[in-house]
Structure formats: structure tokens, C-alpha cells
Amino acid sequence: MRKRVVITGIGGLCGLGADAPAIWAAMRAGRSAIGPISNPALHDIKVATGCEIRKLPEHGVERKQLVAMDRFSLLAVIAAREAALHAGLTIDETNTHRIGATIGVGVCGWEVIEENYRAILLEGKSRAGIFSVPKAMPGAPAGHVSMNLGLRGPVFGVTSACSSSNHAIASAVDQIRLGRADVMLAGGTDAPMVWGILKGWEALRVLSPDTCRPFSADRQGLVLGEGAGMAVLESYEHASARGAHILAEIAGVGFSGDASDIVAPTIDGPESAMRACLADASLNAEEIDYLNAHGTGTRANDQIETAAIKRVFGDHAYKLSVSSTKSMHAHCLGASGALELIACVMAIREGVIPPTANYREPDPECDLDITPNTAHERKVRAALSNAFAFGGTNAVLAFKAV
Amino acid sequence: MADQLATEIIDKIKEHAEAGAEEITVSTELTSLGIHSLELTEIIFDLEEKYGIEIEMNTVDAWANLKNVGDMIEAVRGLIAQKG
């Protein structure tokens with residue numbers, strides 16, 4: 001029989017708050033943190049809306065480590081430290097080789113890239129910063145988390161654009177099921193409020209000028225945000241043996257590839273990932289009470305995701321509660337799935353469905369119960385969390401109450 | 001008394017050192033500065049630009065053996081003298 005994998009700690013930071021309790025409190029309240037971007041280094045960017053972390057919490061990361069980190073690594077370390085503390089995890093010589101980290105990154109550490117091309121091309125500097133390579137690489141957050149917490153088990157970065165977090169979390173589940181680790185820190189991070197990244201997204205013409213209104217007929221696109229989310233995963237046996245407080249179980253994971261287009265989504269891909277996830281979790285569609293949608297707030301995503309949900313859930317599609325928490329924390333790219341894990345775990349624990357904020361007008365193509373604007377109470381036995389991405393790399397997670 | 005070159009190099013190091021660290025003198029051990037080894041290399045590159053000296057890669061390796069701030073100052077002084 002395969003090992004059960006449970007969640008014993010969560011941590012995170014994004015525009016909604018500097019730790020997981022603050023993020024959840026804002027989600028419950030249906031408060032959107034999307035607003036004007038304050039970063040003065042954005043130069044000629046037309047996009048004025050985003051979801052920034054206004055102030056980093058006290059983190060105590062030593063200067064010697066800090067100087068080698070891009071912002072996405074620092075966010076990951078802050079979230080991982082919170083999750084490890086929440087889990088009551090003691091890491092020492094006896095268990096360090098049995099604890100690892102898999103961290104999803106959708107982009108990379110771009111602040112250093114930005115500084116370099118401005119310094120070299122505009123200011124006439126002769127060389128790049130010496131930490132350019134180690135700061136920018138997408139595996140850096142995983143490395144920094146392992147250094148900061150002293151984790152010597154499996155450690156690596158995972159990347160699949162907007163589904164990076166879910167792939168990273170699923171990969172952590174695998175490490176535990178395969179016996180390579182007893183405990184894994186897993187989640188995702190990204191800090192894309194940088195000129196070069198926003199300029200690229202601006203060119204795609206998918207960014208909303210006002211806010212993110214998933215499933216609302218008057219939606220105008222997605223909004224980018226920054227953040228990190230992290231969870232402590234461990235085998236049920238390991239968690240029980242150390243008397244850990246179990247928050248929820250990761251019941252299953254499901255993947256698929258669209259094999260279609262680098263940006264345009266399909267219905268088949270998401271459908272097949274959700275079906276694979278239910279099968280892996282041994283859950284019937286009727287047992288799912290909450291579905292945290294990918295819900296980016298683009299017409300293409302919202303309508304296609306709705307169609308895929310209907311195919312998978314049939315009549316039950318109209319009975320389950322759906323919401324897109326991206327309406328509140330925006331699309332934090334590689335961090336999205338991990339922030340949405342916080343929403344799913346807390347929905348199970350508290351019996352509260354976080355809403356889709358900023359909703360105004362019904363769209364006949366998106367006619368599911370998307371929990372408009374206000375949270376509501378509902379017992380959640382099990383929840384699905386969808387993550388789709390450019391590249392057609394779909395990853396769905398199933399959580400259930402323990 | 002530190003001369004001008006020493007003062008300049010110490011000031012440069014100070015920009016990278018932990019705030020509130022002990023006073024940096026010629027006898028301060030490089031390892032006690034709390035500066036990442038790559039950052040120390042970057043300080044060397046900055047000195048290279050500032051003083052118009054060239055540090056060969058094998059010279060950089062040799063610099064890895066420098067023990068304290070004074071050793072670093074004398075190495076730069078040597079390269080400036082060679083250039084002169």
C-alpha cells in the first residue's frame with residue numbers, strides 16, 4: 001500500500017499578507033490586494049495594476065546569504081521558515097538527510113538581470129554583478145531554503161510556468177512515496193514585478209487595466225502578483241510518530257499536457273488532469289466540495305476551465321463550490337498553486353469557501369457557483385486545486401480532510 | 001596610521017560588511033568580515049577598475065590565500081607599482 005502524505009505546516013506571503021494566517025484572513029474576508037504598482041523602477045510600463053508585498057516581514061536572514069539572493073529566493077525562504085515553524089519541525093543531524101525541498105518557479109530571479117542590462121547597456125559598466133548566475137537560476141530558491149533550514153535530502157527547483165507550484169508539490173509527494181525523504185518543504189515562489197517581465201506580459205495583451213474579475217462577464221484579463229507559499233509535507237506515519245498536528249492530506253495528483261499550443265489552452269488537457277487527479281486520489285467527483293480554479297480572469301481560461309469542470313463533474317459541477325482566489329492575490333505565477341494550497345487547506349479546516357472577489361456580471365459561459373464576492377460556510381470533505389499553464393502543462397492537486 | 005590607499009580599500013570593504021560589525025583595520029581577518037567569498041572577489045574587481053590594474057585569473061586564485069585586510073591592500077599596492 002502506498003504511503004499517505006499529509007500537510008503539517010503552511011507558510012506564505014503575498015499582497016494579502018506577510019504570513020499564512022494573514023493571507024487566509026484576507027481570503028475569508030474577500031479582500032482583494034490588487035492595486036496600483038508602487039515600484040518606481042518600472043520606467044515606461046503602461047500596466048499600472050499589480051499585487052505587491054508592500055513590506056517584507058522581519059526575516060533574520062544573514063547578510064552573507066541575503067547578498068546572494070534575488071527577491072524570489074528571499075520570499076521562498078521566508079515562507080519556508082514559517083511553514084517549518086508551523087509544523088513544529090526540528091531539523092538536526094539525525095534527520096537532515098531525510099528532509100528535502102522542491103520549489104516551483106515560473107520565471108527566474110529577474111531583478112539581477114534587470115540591474116545588469118541597465119548597468120551595462122545604459123550606464124556603461126564593464127561587467128555583470130558577480131552573483132548574476134546564482135541569483136537568477138530557477139533552482140536558487142530550493143538551494144537557499146535548504147541552506148537556510150539545513151535540509152540535506154532531495155533538493156531541486158521545478159518549473160512549468162503557472163503550474164510550477166503544483167508540479168513541485170506533486171514532486172515532493174513523490175519523494176515521500178518513493179521513500180527518498182520523510183519530510184519535504186514544497187511550494188513555489190516568484191517576484192515578477194520587474195520591468196522586463198511586465199514588459200513581456202504587456203506585449204501579450206492579457207493584463208487587466210483595472211483588476212482581476214474571474215468568471216465575470218466584464219473581466220479584462222489577469223493581474224500579476226508576487227509571493228511565495230510553502231507547505232511541510234510528510235508521510236502520515238512520520239507525522240503521527242512525532243505527534244505533529246495534521247492539517248489535511250494530499251490525496252492525489254493529476255497531470256496532463258495539452259500538446260496543442262504554447263499559449264492557447266484546451267478543454268481536453270485540463271479535463272484529463274482533473275480526471276487523473278480524482279483517480280489517483282481514489283475520490284469520486286461527488287466527494288469534491290470545493291474546487292480552487294486556475295481562474296486567471298482571461299476569457300480563454302475561464303470559459304475553457306468551466307467547460308472542462310462540467311465534463312469531469314457532470315451534474316455535480318453545479319453542486320460544488322468553485323472560486324478563484326487569484327481575484328484577491330492576483331496571479332503570482334510560480335507561487336500561485338502554493339498560495340491556493342493555503343486556500344484549500346483552510347477551506348477544509350474551517351469549512352469556509354473563500355470567494356471570487358471583484359465579481360460583477362454573470363457570464364452565461366461561466367455558470368457554475370463561483371462563490372461571488374462573499375465567503376460562505378460549507379463543510380469541505382475534499383478539494384481540488386487546478387493549475388494550468390503556458391506550454392499546456394496542467395497539474396491538479398486533491399486535498400482531503402484527515 | 002593607514003595611508004590613503006588603505007583607507008580607500010577599507011571604506012570599500014565597509015560598504016559590503018555587516019552593519020554594526022567591529023571596526024575594520026589592516027589586521028582584520030577577511031573570513032571574519034561576514035562577506036561572501038564571491039562578494040570579496042567582486043570587491044577585487046572594483047579595485048581593478050578603480051586603480052586601472054589588471055588581475056590575472058591565477059592572481060585571483062592567489063588572492064584566495066590572503067589572510068587579512070592588510071594583505072589585500074599590499075597586493076593592490078604591488079599591482080599598482082608594477083603598472084607604474
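Modeller: A definition comes first: a helix crossing is left-handed if the near helix is turned anticlockwise from the far one by less than a right angle, and right-handed if clockwise. The model is predicted, with local features needing pLDDT of at least 70 and side-chain atom pairs counting only at pLDDT 80 or more, while totals for chains, interfaces and linings use all residues. Residues are numbered from 1 along each chain as its sequence is written, and chains are lettered from A and ligands numbered from 1 in the order in which they are written.

Colleague: What is the hand of the crossing of H10(A) and H11(A)?

Modeller: Helices (H or I, at least four residues) and strands (E, at least two) are DSSP runs, numbered from the N terminus. The axes of H10(A) (268-281) and H11(A) (299-313) come within 8 Å and cross at roughly 40°; axes are lines fitted to C-alpha atoms, for helices over the stretch in contact, and angles run from 0 to 180 degrees between N-to-C directions. The crossing of this pair is right-handed.

Colleague: Which residues of H11(A) make the contact with H10(A)?

Modeller: Two residues are in contact if their C-beta atoms, placed from the backbone, lie within 7 Å. H10(A) brings Pro270(A), Glu271(A), Met274(A) and Arg275(A). From H11(A) come Ile304(A), Glu305(A), Ala308(A), Arg311(A) and Val312(A).

Colleague: How is chain A divided into domains, and how far apart are their centres?

Modeller: Domain bounds come from an automatic or database domain assignment. For chain A that assignment gives domain 1 (5-241) and domain 2 (253-400). Taken over C-alpha atoms, the separation of the two centres is 21 Å.

Colleague: Which element gives the largest share of the side of domain 1 of chain A that touches domain 2 of chain A?

Modeller: In this contact, 61 residues of domain 1 of chain A meet 56 residues of domain 2 of chain A. Elements giving two or more residues to the domain 1 side include S1 (5-14), H1 (20-29), S4 (99-105) and H7 (164-177) of chain A. With seven residues, the largest share comes from H7(A).

Colleague: In chain B, how does H1(B) lie to H2(B)?

Modeller: The axes of H1(B) (4-16) and H2(B) (37-51) come within 11 Å and cross at roughly 140°. Angles under 35 degrees count as roughly parallel, over 145 as roughly antiparallel, 65 to 115 as roughly perpendicular and the rest as oblique. H1(B) is therefore, relative to H2(B), oblique.

Colleague: By class, what does the contact of H1(B) with H4(B) have?

Modeller: H1(B) and H4(B) (69-83) pack at about 125°, with their axes 10 Å apart. Among the residues that meet are Leu5(B) and Ile9(B) in H1(B), and Met72(B) and Arg77(B) in H4(B). Ala, Val, Leu, Ile, Met, Phe, Trp, Tyr, Cys and Pro count as nonpolar, Asp, Glu, Lys and Arg as charged, and the others, Gly among them, as polar. The contact of H1(B) with H4(B) has nine nonpolar, no polar and one charged residues.

Colleague: How many residues does the contact between the chains take from chain A and from chain B?

Modeller: By class, the chain A side has four nonpolar, one polar and three charged residues. The contact takes eight residues from chain A, and from chain B 10 residues.
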